[in-house]
Amino acid sequence: QVPLVESGGGLVQAGDSLRLSCAASGRTFSNYFMGWFRQAPGKEREFVAVIASSGSNIDYADSVKGRFTISRDNANTIYLQMNSLKPEDTALYYCAASRIRTRSPSLQAYWGQGTQVTVSS
């Protein structure tokens, strides 16, 4: 069973908005930081944003700061509001959970299967 399930991806035009959701399945993540990562074709998986279980202690990658907003409405569901989307935001977006606040993909304990975001110019 996949512990995290993402939804909300799609095909949009540059300048549009999308809202991604990530819900836990089969377990609770009340003591975990949860976050978003993305991976474009031919590139390494990269950090996007992270949020603590309290909804505070938020961190963003410089490339999305001011355009993306991460939020958390309970221990097991997070969102990523993406505004002013650019073609370079095109990627497979993954939800992840970790015991510590980290930008490192290798230190995440749980992953979802990803949701595709494609931004056309």
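## Surroundings of Arg67

Apart from its neighbours within four places in sequence, Arg67 is in contact (heavy atoms within 4.5 Å) with Gln81, Met82, Asn83, Ser84, Leu85, Lys86 and Asp89. Arg67 counts as buried because its relative accessibility is 11%, where buried means under 20% relative accessible area, exposed over 50% and partly exposed in between, with a 1.4 Å probe and protein chains only. Its place is in the loop between strand E6 (59–60) and strand E7 (68–74); strands are DSSP runs of E with at least two residues, helices are runs of H or I with at least four, and both are numbered from the N terminus.

This is a predicted model, in which local features need pLDDT of at least 70 and side-chain atom pairs count only at pLDDT 80 or more, whereas totals for chains, interfaces and linings use all residues. Residues are numbered from 1 along each chain as its sequence is written, and side-chain values use heavy atoms, with hydrogens and water left out.

## The four-stranded sheet

An open sheet of 4 strands has the order E1-E3-E8-E7 with antiparallel pairing, two strands being paired if DSSP finds at least two bridges between them. Its edge strands are E1 and E7, each of which pairs on one side only. On average, neighbouring strands of this sheet are turned by 20 degrees against each other, direction ignored; the axes are lines fitted to C-alpha atoms, and angles run from 0 to 180 degrees between N-to-C directions.

E7 is joined by 6 bridges to strand E8 (residues 77–82), and the two run antiparallel. Ser71 stands opposite Tyr79 in E8.

## Ser7 in strand E1

Ser7 lies in strand E1 (residues 4–7) and is partly exposed, with a relative accessible area of 37%. Leaving aside neighbours within four places in sequence, Ser7 is in contact with Arg19, Leu20, Ser21 and Thr115. Ser7 and Tyr94 are 87 residues apart in sequence, and their C-alpha atoms are 9.8 Å apart in space.

## The chain as a whole

The secondary structure of the chain comes to 0 helices and 11 strands. The C-alpha atoms fill a box of roughly 40 × 30 × 25 Å along the principal axes.

Of the 121 residues, 41% count as buried. Among contacts between residues at least 6 apart in sequence, 59% join residues at least 24 apart.
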